[in-house]
Amino acid sequence: MSEIYVLALSVVFSLIVVKLCHWVYQWSNPKCKGKLPPGSMGFPIIGETFEFMTPFDISLVVSPYLKKRISRYGSKVFRTSLFGAKVIVSIDPDVNMEIAKASSQLRATESVTRIFGENNPFLQSKEIHKYVRNLTSRFVGPEGLKTRLIHDIDNLLRNDVENGARNGSFDVREATIKMVGELIAKKIMGETESEAVKELGLCWSAFRTSWFQFSYNIPGTTVYRLVKARRKAAKLLKALILKKIVSKEGLGDFLDIIFDEMEKDGAALDIDKAVNLIFVFFILSQETTPGVQGAVVKLVADHPSVMEELQREHEAIVQNRADKDTGVTWEEYKSMTFTHMVIKESLRFTSTQPTVHRILDQDVQIGDYTLPAGWLFFGIPQVHFDEEKYDDPLTFNPWRWQGKDIHSTVSREYMPFGAGGTHCVGSEFAKIIKTCMVSFENYFERLPVKLPNNRHVEKEKKKEVKEEEVENWGLRELIDGGDAAPGRILHRNNINIGSSRFVSYNSF
Ligand code: HEM
């Protein structure tokens, strides 16, 4: 009896081993009707995720993960597995543009889709996506910005920068997150009860983490926490919107547009979709802009000649104003040629994350290789560092854009905001925030920094830095002050640009 029992057990065990080996083999050798691009699927389930996600220093420019694979495979397109999904990674600008144009639906891994909400209008059918995209552009596109947003951005930033300067401490990334959050809340929903905004803020803060995760929604995992935070945020938003529908008071610009749409016959938008839309808006604007903003500040501060030229441009603009205290106008913004060159260069320099994210809806033939339907496609704008397209590409040099089209945000050689049907709707909005911030940086540099009597000062005394020296620090010193800088704007070691790139990458 026991022999039979042992035999049965060994058969079952052998079957499990065979099944497991088969599964591992299938994992490592995915099926494809044609020839897959070279690559490795890494360990089962984990794939190559950890190596892909490892933050890297800005001085390396190209991530070690990418560098290794490009030289190993000798191909600009390779296959891998990330976050449990099968992925094609491409650094070929022609392939990136082709896929961006051919497929118009923004997609990400299962976990990200879950975080955004499965019935999210941005992730639904192409028609709904197009419709919602047009709607959103009315709010954040240049027309909306011209008339509505630029003054608010300018005002909010002015307050934050001045307060930060007076308090002797100003963390650009944190300040931008706060500013963008406040701005969008006000612009979308109008005046809102502060308790609700506070609670919403708590929900958003849950998202300040890497949201590219394995897709398991089980208690204790990040995905579980994020899905919970999204549900809570959706509930709060819905309650706020319903209240506004009844009272019809103090609607924000965006809710105004959305309510108009909802009242139309056969409206494609209902309240749940509107809530999801607002949610995407918050997340995308909060996760992308602050990280890049931090990098812009650091790049400008590290290049004194750029800072001086910016100062010259902004001072000339202020000199020409009838009222020196008014904020930046749309006309002034458009006329800031050098500032636009700086922003364009900063976006080139910091775009090492994928900016084209798609799920391939059909097999795509690229030369000898087949990119299979159902796989994720991540297009990285590595072309930003191609010596044939950019002279000395590893140098931050805004002057390289002199005489070129400084306002365009997409071309085969330049894709910080993606391309095709999902090109970033917030690109102009993001550029305005950067312009206002850069102009305030210069303003800030001229402000005397008064150190408050707080723990930073105590720490400072221990390090024997003379307070009178610190009092006159400007932006550069605040950044370069390293550990000794109590009045820091952005600590050199505080911003790992590698990881902040991943922060923005994680948005999609
Ligand atoms: C420096 C800041 C920003 C960067 C680098 C950035 C980058 C991107 C990229 C690369 C995409 C395209 C993804 C793809 O095609 O696969 C995208 C899409 C998008 N972005 Fe941005 N973005 C920024 C700021 C913003 C802001 C401030 C907003 C909102 C106000 C925003 C809203 C959106 C939306 C709604 C989409 C989806 C468009 C669609 O599916 O049609 N972004 N962004």
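Me: Where does Leu20 sit?
Reply: Leu20 is in helix α1. The model is a predicted one.

Me: Is Leu20 buried or exposed?
Reply: Leu20 counts as exposed, because its relative accessibility is 52% and the cut-off for exposed is over 50%.

Me: Which residues form a nonpolar patch with Leu20?
Reply: Trp23, Val24, Phe43, Ile45, Ile46 and Phe50 form the surface patch with Leu20. Together they have about 680 Å² of accessible area.

Me: Which element gives the most to that nonpolar patch?
Reply: Helix α1 does, with three residues.

Me: Ok, charges now. How many salt bridges does a search of the whole structure find?
Reply: Eleven.

Me: Give me one. What does Arg69 pair with?
Reply: Arg69 forms a salt bridge with Glu48, and their closest N and O atoms are 3.1 Å apart. This pair links distant parts of the chain: Arg69 is in helix α3 (residues 64–73), while Glu48 is in the loop between α1 (2–28) and α2 (49–53), 21 residues apart.

Me: Arg69 and Glu48, buried or exposed?
Reply: Arg69 is buried, with a relative accessible area of 1%. Glu48 is buried too, at 8%. Both count as buried because the cut-off is under 20%.

Me: And what about Lys68, which residue does it form a salt bridge with?
Reply: Glu51, with the closest N and O atoms 3.0 Å apart. Lys68 is in helix α3 and Glu51 in helix α2, 17 residues apart.

Me: How accessible are Lys68 and Glu51?
Reply: Lys68 is partly exposed, with a relative accessible area of 40%. Glu51 also counts as partly exposed, at 33%.

Me: What about Glu413, what is its salt bridge partner?
Reply: Lys389 is the partner of Glu413, and the closest N and O atoms are 4.0 Å apart. Glu413 and Lys389 both lie in the loop between β6 and α16, 24 residues apart. Glu413 is partly exposed, with a relative accessible area of 29%, and Lys389 counts as partly exposed at 42%.

Me: Different topic. Which residues gather in a patch of negative charge?
Reply: Glu387, Glu388, Asp391 and Asp392 gather in that patch, on the surface.

Me: Where is Asp392?
Reply: Asp392 is in the loop between β6 (376–379) and α16 (427–446).

Me: And why does Asp392 count as exposed?
Reply: Because its relative accessibility is 52%, and exposed means over 50%.

Me: Rings next. How many aromatic pairs turn up in the whole structure?
Reply: A search of the whole structure finds twelve aromatic pairs. One of them is Phe338 with Trp399, a tilted pair with 5.0 Å from centre to centre and 45° between the planes.

Me: Where are Phe338 and Trp399 in the chain?
Reply: Phe338 lies in helix α15 (residues 337–350) and Trp399 in the loop between β6 and α16, so the pair ties together parts that are 61 residues apart in sequence.

Me: Which residues do ring pairs link into a cluster?
Reply: Phe52, Tyr65, Tyr73, Phe78, Phe83 and Phe378.

Me: Last one. How far apart are Ala102 and Gln362?
Reply: In sequence, 260 residues; in space, 10.0 Å from C-alpha to C-alpha. Ala102 is in helix α4 (residues 93–102) and is exposed, with a relative accessible area of 59%.

Terms used
Residues numbered from 1 in each chain as written. Predicted model: local features only at pLDDT ≥ 70, side-chain atom pairs only at ≥ 80, totals over all residues. Heavy atoms only, no water. Patch = residues over 30% accessible without salt bridge, like charges linked within 9 Å, V, L, I, M, F, W, Y side chains within 5 Å. Areas by Shrake-Rupley, 256 points an atom, 1.4 Å probe, with all protein chains shown as cover. Salt bridge = Lys/Arg side-chain N within 4 Å of Asp/Glu carboxyl O. Lys, Arg positive; Asp, Glu negative; His and termini not counted. Charge placed at Lys NZ, Arg CZ, Asp CG, Glu CD. Helix = DSSP H or I, 4+ residues; strand = E, 2+ residues; numbered from the N terminus. Buried < 20%, exposed > 50% of the residue type's maximum accessible area, 1.4 Å probe, protein only. Phe/Tyr/Trp six-rings, centres within 6.5 Å; stacked < 30°, edge-to-face > 60°.
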